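Me: Before I use this model, I would like to go through the terms applied to it one at a time and see what each rests on.

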Amino acid sequence: EVWTMMNSKYSEFLPSVQNREDLVAKVEGLSMDIDLLKAAIENEVQQDLNVAVTEFTELKQQLERDSVVLSVLKKLQEFDTAVKEFSTALLEERYMPAAQRLEKARSSLRNVESHRGFELRIPKALRKELTVQEQSIIYQLGKEWQKLIVWKLPQSKGSSSLEAVVLSELHLHTVPPQGEDTAVPPVTAVLQALAVMGELHYKLKDFGQLLMEYILKPLISYPSLEPVTEEQPDVFILRFRSQEIAFDEFSPVKVFDKIKLIFEVLHKYLLNVPLEEPEKGGKGGRVTLAELLGELIWEELSNCLIHSCLVHSVPSSSSQLEQYKEVIESTKEFEKALKEMQFLKQDKTALLKYACNVNFHFANKKCQDLIRAARKLMTSEIHDTVKITPDSSSALPELPGPWSGDHPKTHRPSNLLDSGTVNLGSESSLSQSTLSLPTCRISSSVQQLMELAYNTMEEAKTSTKFCCLQLCNCVRDIFHVFCEVVPKYHRENLQKLPQLAAIHYNNCMYIAHHLLTLGHQFRYLTSTVLSDCGGTFVDMVPDFKKLGMECFLAQMQVQKRGVLDRLWSARNFSNMDDDENYCAANKSIKQVLHQLRGLGTVWQDVLPVHVYCKAMGTLLNTALAEIVTRITALEDISAEGADRLYSLCKIMVDEGPQVFTPLLEEDKNKKYQEEVPVYVQKWMTFKELMIILRANLQEIVDRWADGKGPLAEQFSAAEVKGLIRALFRNTERRAAALAKIK
């Protein structure tokens, strides 16, 4: 049974095994076929495929080369066609189409030259041909431009004088002239062709320069110049004539009218030309010749109008500011007209801004004029003087009184007090001369300078806030300039000439005197303005006083050195019994007195009396102190020497007071000559020395009076003992006298 089962299973398995073996045999056969096919493909088909790809690549490259060559040939054909059409149009004097064809030829040539990898010789030849044609049309257009715009200028070209401008003419040929075989092309065609060729900018630049030099600038600079226009059938002529005018004034209104007339005729006959090509004319934003010319010359023209016309029209006084509205309105209309003619862009308003800013320019001009006038006064001669007295009426403007409110009517700055006295209480009062400037002489230029300052402050009152501030600051600047200019400009004279030093001292004190109250007198100006410009001038008073004092004290030092130098030749006043020494001392004394008399004369009626007396007293005191010092230093004085010293001292005592002559009236000077001890500190010392020179020992001891007498007030014990030893021989009486001097 088992065996039977095994046989049945084997019977079932055997057919399937045979079937599988058959399939394996078929697979192996197919595998061999595949290997054979693969080998065939690798050996034969792949080689053919590589050949095909190579052929395809070569064909593609050939196609690309052929396409490029075809494109180049097409552009060359276009170039040739354009050049031929250009030549035809140029012969027919159709300049705009000729320029367009030439531009087309240039574009085609650029396209040909942009292709790389081609060694073509023809582009070089074409470039040369194109350059020749370009120069040909540029030359032809240049000739047409010269026919359209003809300048007839004087032989002295470059001269913009009035005589040269009158001989200048501008001819505009805008239509073909009659009687000529070759008609001039229309202006539009020529200008558009020049624009296409890129030459219009250079032509306009040259035209603009000539227009500025021979037409626009002369019309601005010469008020008498008038433009004359003449229109003929074939030409428009612009020339000039010079008319006599009553006075030479720079009227911006008239200048604007003349310049506007020039641009109107230029716009009509030349500038109103669109520069776009006809086929593009429908587009917006077209550029005209007027716009291009405006861009080239407007900056120069506007600067010329401002600096040669509007500057001169700026008012010189506040009262004329109201009249300046006419200039502002005229400027506005002028700019509007230029913008309508497209010469000026809408955003250009340089002239109007300048004219509308008249307050600023007025203030600057006024300040410049004031500083210039002040500087002229400062550099004028100092010795041209006027006399100032406490009760003299100054030629200054009428100003407000101290209690008259903000807007006073009349009051003089020199009369700050309403009456002769000012009550301080039931028992005290001040005279009218209190706080007044003492009688003296000042430079007339300084008086005029103060008048200028007062007038400027007065004008500031009626000005705008800005002008007011500028004018107030200008007044301060004037005084600052004085401190800088006068000492340097007049330095040599102030050092050498004592009279000028005295006048300069008075000038500084005079200015300082007015600066004390100048700010207060104009306190009705707004507090803000006063605060901005310093509020007051009091801060400058010390500077002016210092300036005057330094100059005068420097002159005093010069005179002191002169006194001491002359006394140096007195040989220390020793050995006066020697005639030669005595003559030298006598000469030096007389030289000192001569010097002082000369000073007294040049300072007479110049310095205030009290200053004069102090100055002369100081110099005389210097001489006396030096003499006292020299004599007290002597160790031996003979009897004859003492007599001669006394005579020399007597000369000083007798003639010294006579140098005090502050006033012109001789009889009035006696008062000050009698008051010499008040001004000369060593006067009493000197007189005591004279007494000693002639006194005996007992008299000297009596005047010493145990250190309580008049001699003790002037000399020390050592000095008195020294004089006794020098004057008297060594005896018991001298020893007794010396013992009492202690």
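Reply: In this predicted model, the chain has 27 helices and eight strands.

Me: What makes a residue count as buried here, and how many of the residues do so?

Reply: A residue is called buried when its relative accessible area is under 20%, and of the 742 residues of the chain, 42% count as buried. As for the surface, the chain exposes about 40800 Å², of which carbon and sulfur atoms supply 52%.

Me: Why is the space in the structure called a cavity rather than a pocket?

Reply: A cavity is a set of grid points where a 1.4 Å probe fits but cannot get out, whereas a pocket is an open set. The structure holds one cavity of 30 Å³ or more, and about 80 Å³ of space lies in the largest cavity.

Me: How do you know which residues line the largest cavity, and which helices supply them?

Reply: Lining residues have an atom within 4 Å of a point of the cavity, and those that line the largest cavity include Leu377, Met378, Phe482 and His490. At least two residues of the lining come from each of α11 (358–378), α12 (444–461) and α13 (465–489), with α12 supplying the largest share, three residues.

Me: What makes a lining residue nonpolar, polar or charged, and how does the lining divide?

Reply: Leu, Met and Phe are among the types that count as nonpolar, while only Asp, Glu, Lys and Arg count as charged. By that scheme the lining of the largest cavity divides into seven nonpolar, five polar and no charged residues.

Definitions and conventions
Residues are numbered from 1 along each chain as its sequence is written. This is a predicted model: local features need pLDDT of at least 70, side-chain atom pairs count only at pLDDT 80 or more; totals for chains, interfaces and linings use all residues. Side-chain values use heavy atoms; hydrogens and water are left out. On a 1 Å grid over the protein atoms alone, a cavity is a set of points where a 1.4 Å probe fits but cannot get out, and a pocket is an open set with protein on both sides within 12 Å along at least five of seven lines; lining residues have an atom within 4 Å of a point. Grid points are joined across faces, edges and corners, and a volume is the space filled by probe spheres set on the points. Helices (H or I, at least four residues) and strands (E, at least two) are DSSP runs, numbered from the N terminus. Buried means under 20% relative accessible area, exposed over 50%, partly exposed in between (1.4 Å probe, protein chains only). Accessible areas come from the Shrake-Rupley method with a 1.4 Å probe; for residues, only the protein chains shown count as cover.
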